[in-house]
Amino acid sequence: MHGGCGESIVMKHIKNITTNLFTITSVAIIFYLFSIANIFFFSSTTFSTGVNWVYLPGGAILVCVLLFGTSGAIGIAIASAVVSHRFYFTEDIVTACGAGFISGFAVWAARFFCLSRLNLDANLRSITVKALLEIALIFSLFSAAMHQVWFALRGHTDNLLGGTAVMAIGNFTGTIIVLYIAKAVIEIVVRLKP
Amino acid sequence: MKNTNEMACAALRFLNLITAIRTLPTIPSLDPLEERVLMALAQNWATGIAVTVMMILSTFNDASPSTVHRRLKSLKQKGLITMREDENDNRTKYVEPTDLTNNYFNEIGKCMAAAAKAL
């Protein structure tokens, strides 16, 4: 009896770990695909290394962390580190890993801040468009400021304020584009429904 | 159990997020008949008449009542009109403008006034 109970607890833990790993991997793949799409469509809007006027993965980051919380943030951090090392800081793995960590942590912190300050439910029960846009704005500012401070510490930026402003605008416009694409897809699915 | 709860919560968050995303503001685009219906309604509202659905359905000679009724439903979905039932007879429904419609016609009015001044 005792052994059976222990086994069931172990099985539960294994299931938890499997689910979390699945979430982390899925989020990482989504982020990676969005990053590739951003490089493909918006590489002409590059301001400086790793800073774009339009940054589509910002939308993916926000949605994934709102839905999956900490697992989503970990997935974003891993994928962002990989993307940073592969496309932006090929010679500097420390900067790439730091940028990855900040990508995951900034939106997780923005979510935490918004849940406590905007009276949001953890399951987003009371979320409105206004709250969603506020979270997007706070996340854009958090992420941009933290990235730029990190890049400055690592000697990768000369224009801290300019980079922060452009990165925040890029995150926000990218998030708005992704949210409106999601809206369009949802409306099409609803209309196609018999 | 925790595992199931996590996934159930993620599903709940997903549904709540979809609801919020669906209410993102958009510029409602109107087809030609919707525009005509809205203009006909505005003309009646301007005279102070309480406009019923039946009145509007019989306004257009070149469109069937069912076609006009569909346009009324789509205008309602786009947030440009609301329907109010008569207090004494719930078969009678009044068509009323929303704030969005009032703002729209106010803006048109301002533009016309500015154009008239420029002339």
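Analyst: What follows takes the labels used for this predicted model one at a time and sets each value against its cut-off.

User: What makes the pair Arg22(B) and Glu187(A) a salt bridge?

Analyst: The side chains of Arg22(B) and Glu187(A) meet with a nitrogen-to-oxygen distance of 3.1 Å; the rule asks for a side-chain nitrogen of Lys or Arg within 4 Å of a carboxyl oxygen of Asp or Glu, and therefore the pair qualifies. The count between chain A and chain B is one salt bridge, while six residue pairs are found in polar contact across the interface, with both residues at pLDDT 80 or more.

User: Which elements of chain A give two or more residues to the side that touches chain B?

Analyst: They are α1 (2–42), α2 (57–88), α4 (129–153) and α5 (160–192) of chain A, and the largest share, seven residues, comes from α5(A). By class, this side of chain A has 15 nonpolar, four polar and six charged residues.

User: How many residues are in contact between the two chains, and what area do they bury?

Analyst: In the model, 25 residues of chain A are in contact with 19 residues of chain B. The two chains bury about 2100 Å² between them, with 66% of that area on carbon and sulfur atoms.

User: How do you know what confidence the predictor has in chain B and in the complex?

Analyst: Chain B averages a pLDDT of 85, and 95% of its residues score at least 70. Among the elements of chain B, helix α1 (residues 2–22) has the lowest mean pLDDT, 77, whereas strand β2 (residues 93–97) has the highest, 93. Where pLDDT is low, predicted coordinates should not be read in detail. For the complex, the predictor gives an ipTM of 0.72 and a pTM of 0.66.

User: What is the secondary structure of chain B, and how many of its residues count as buried?

Analyst: Chain B has five helices and two strands, which follow the pattern α-α-α-α-β-β-α along the sequence. Of its 119 residues, 30% count as buried.

Key. Residues numbered from 1 in each chain as written. Chains lettered and ligands numbered in written order. Heavy atoms only, no water. Contact = heavy atoms within 4.5 Å. Buried area = accessible area lost by both parts, 1.4 Å probe. Polar contact = N/O pair within 3.5 Å; in protein donor to acceptor, adjacent residues only side chain to side chain. Helix = DSSP H or I, 4+ residues; strand = E, 2+ residues; numbered from the N terminus. Nonpolar A, V, L, I, M, F, W, Y, C, P; charged D, E, K, R; others polar. pLDDT = per-residue confidence, 0-100. Buried < 20%, exposed > 50% of the residue type's maximum accessible area, 1.4 Å probe, protein only.
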